[in-house]
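Here is a walk through a protein structure for someone meeting it for the first time. Take a look at the model, and then we'll go through it piece by piece.

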Amino acid sequence: MSAAPALHLSGRATIDGMPIFGPVSVEAPAGEWTCLLGPSGVGKSTVLRLLAGVGDELAFEGEVAAGDGSSLDNRVALMAQSDLLMPWLDVTANVTLGARLRGDAPPRDRARDVLERVGLAAHSAKRPHALSGGQRQRAALARTLMEDRPVVLLDEPFSALDARSRALMQDLAAELLAGRTVLHVTHDAAEAARLGHHVLLMTREGIASVTPPAGPTPRVYDAPETLAFQGRLLRLLMEAR
Amino acid sequence: MKRAVRIAGVAILGLLAWQAVVTLAELPRFILPGPVLVFGTLWTSKALVAEHAVVTAIEVLVGLGLGGILGFASAILLAVSPLARSLLRPMFVFTQAVPVFALAPILTLWLGYGLWSKVAMAMLIIYFPVTSAFFDALMRTPPGWLDLARVMTATPGRTLWRIRVPAAMPGFASGLRLAAVYAPIGAIIGEWVGASKGLGYLMLLANGRAKIDLMFAALIVLAVLTLLLHAAVDAACRRLWGS
């Protein structure tokens, strides 16, 4: 993996003349985890789509850039709310999808190693329908890790999981994605309070940075300072227009 | 098992009702023969019916195979090329506006009385359902998968073969299931227009000679062949694509 760059996006986006967001400015520091927290419909996912380079349906006026001045092409991995596993492929084939889509030989040894790290080694030959929701998101995380990109964009990847699976996935993702520049879109204040080195609050009024408690992440879910920060984020969400 | 019992029950009830109508209304055998007579005739003429059934079965299978391949290729061409879409789709609909029946004599003229005019009829009749079911499925790849492929810097060709085509196979399977039921219709139309073998030919022949029992026997064999073909295609699609 090459050195993780910072991410920068500023501008406004419309779709068929309807404003989606902006003008806003999003900064995600290099090699750190930034949560973009906000209610549904404020354009959080649109920010992610623009950074991923897939927002063809959008009209965007502004700038998308990496902190090191190079292009973001080939340096981004994406993990969405839906696991996006291909039902006709087994877990190993799913996590090596990127290599095959680029015409490279699937790196099976590395896949075995990555599946080991996400705790799916015993399930590598299964099809997605044979996995639980949590296991499917682990497979999606493994596929994201296989891409080995310095920038990882997360679009509410844990929101469909039950509370326990979600907390476990948060721990796993925080451990395995450490050192990469992560921009994590979420509508869950508790999630942002646990994971973000930086938390950006996105509302119709714009984007504001909220400083999280000091100390390592993932923060302990029931530690008083985590809960206090979660409460503060929720209050800010409630008080925004 | 329950389902088999239910189907058998319905079939027996239907046959009983058929025989009852024939017996009670005292219908002459050249208007409507009863099932007892029809199955009797089927048994005594089994070699004759089988000989013609094999011919029809070959026409149907070849037509289904070639029509399936042609439909598969056409749908992919339409899906990848906006130019092909704009040029070919109006033509595609136009061909469906022409009744296949009307084309049968021309196909016989062009391709002769043998196998290929029937294969062509079967292909014509299944081409549209296969192509349109597969094409629609190819155009409805979940957008999340396409985004993922783009972020993974896939080429359009690999996205097509590794994601869009496999994701659309259930659509292709529905097209093939329809085709399994339509293909025998095409073959029979072809045989009616001009043939010297096949179940359609046998039915015309039997009808002309007032052997309505033999005609019904051929009809029943045709229906059973169609049902078996549909079941086989259905089973194959489930096995291959799980849908």
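A residue is called buried when its relative accessible area is under 20%, exposed when it is over 50%, and partly exposed in between (1.4 Å probe, protein chains only). Keep in mind that this is a predicted model: local features need pLDDT of at least 70, side-chain atom pairs count only at pLDDT 80 or more, and totals for chains, interfaces and linings use all residues. Residues are numbered from 1 along each chain as its sequence is written, chains are lettered from A in the order in which they are written, and side-chain values use heavy atoms, with hydrogens and water left out.

Let's start with chain B. It has 10 helices and zero strands, where helices (H or I, at least four residues) and strands (E, at least two) are DSSP runs numbered from the N terminus. The C-alpha atoms of chain B fill a box of roughly 75 × 50 × 30 Å along the principal axes. Of the 243 residues in chain B, 42% are buried. Contact here means heavy atoms within 4.5 Å, and among the contacts in chain B with a separation of 6 or more, 75% come from residues 24 or more positions apart.

Now zoom in on one helix. In α2 of chain B, which covers residues 35-44, the buried residues are B:Pro35, B:Val38, B:Thr41 and B:Leu42. They sit on the same side of α2(B) because they cover an arc of only 125° around the axis, judged by the directions from the helix axis to the C-beta atoms. An α-helix has 3.6 residues a turn, so residues three or four places apart point the same way. On the other side of α2(B) you'll find B:Val36, B:Trp43 and B:Thr44, which are exposed. What do the buried residues of α2(B) pack against? They pack against α1 (2-24), α3 (46-80) and α10 (212-241) of chain B.

Next, see how the two chains meet. Chain B brings 17 residues to the contact and chain A brings 23 residues. The area buried between them is about 1800 Å², with 66% of it from carbon and sulfur atoms; buried area is the accessible area (1.4 Å probe) that two parts lose on being put together, summed over both. On the chain B side, B:Trp145, B:Val151 and B:Met152 lose the most area to chain A, together 36% of what that side buries.

A salt bridge is a side-chain nitrogen of Lys or Arg within 4 Å of a carboxyl oxygen of Asp or Glu, and the rule finds two of them across the interface of chain B and chain A. One is between the side chains of A:Asp56 and B:Arg150, at 2.5 Å from N to O. Helices α7 (143-151) and α8 (156-193) of chain B each supply at least two residues of the side that touches chain A, and α7(B) gives the most, with seven residues.

Over to chain A, where salt bridges link parts that are apart in sequence. A:Arg136 and A:Asp83 form one, their closest N and O atoms being 2.7 Å apart. A:Arg136 lies in helix α5 and A:Asp83 in the loop between β5 (76-79) and α2 (91-95) of chain A, so this pair ties together parts that are 53 residues apart in sequence. A:Arg136 is partly exposed at 23% relative accessibility, whereas A:Asp83 is buried at 12%.

A:Glu147 forms another salt bridge, with A:Arg102, at 2.9 Å between the closest N and O atoms. A:Glu147 is in helix α5 and A:Arg102 in the loop between α3 (97-101) and α4 (108-117) of chain A, so parts 45 residues apart in sequence are tied together. A:Glu147 is buried, with a relative accessible area of 10%, while A:Arg102 is partly exposed at 26%.

Finally, look at A:Ser159, in the loop between β6 and α6 (163-176) of chain A. Is A:Ser159 buried or partly exposed? A:Ser159 is partly exposed, with a relative accessible area of 24%. Leaving out residues up to four places away in sequence, A:Ser159 touches A:Gln81, A:Arg166 and A:His187.
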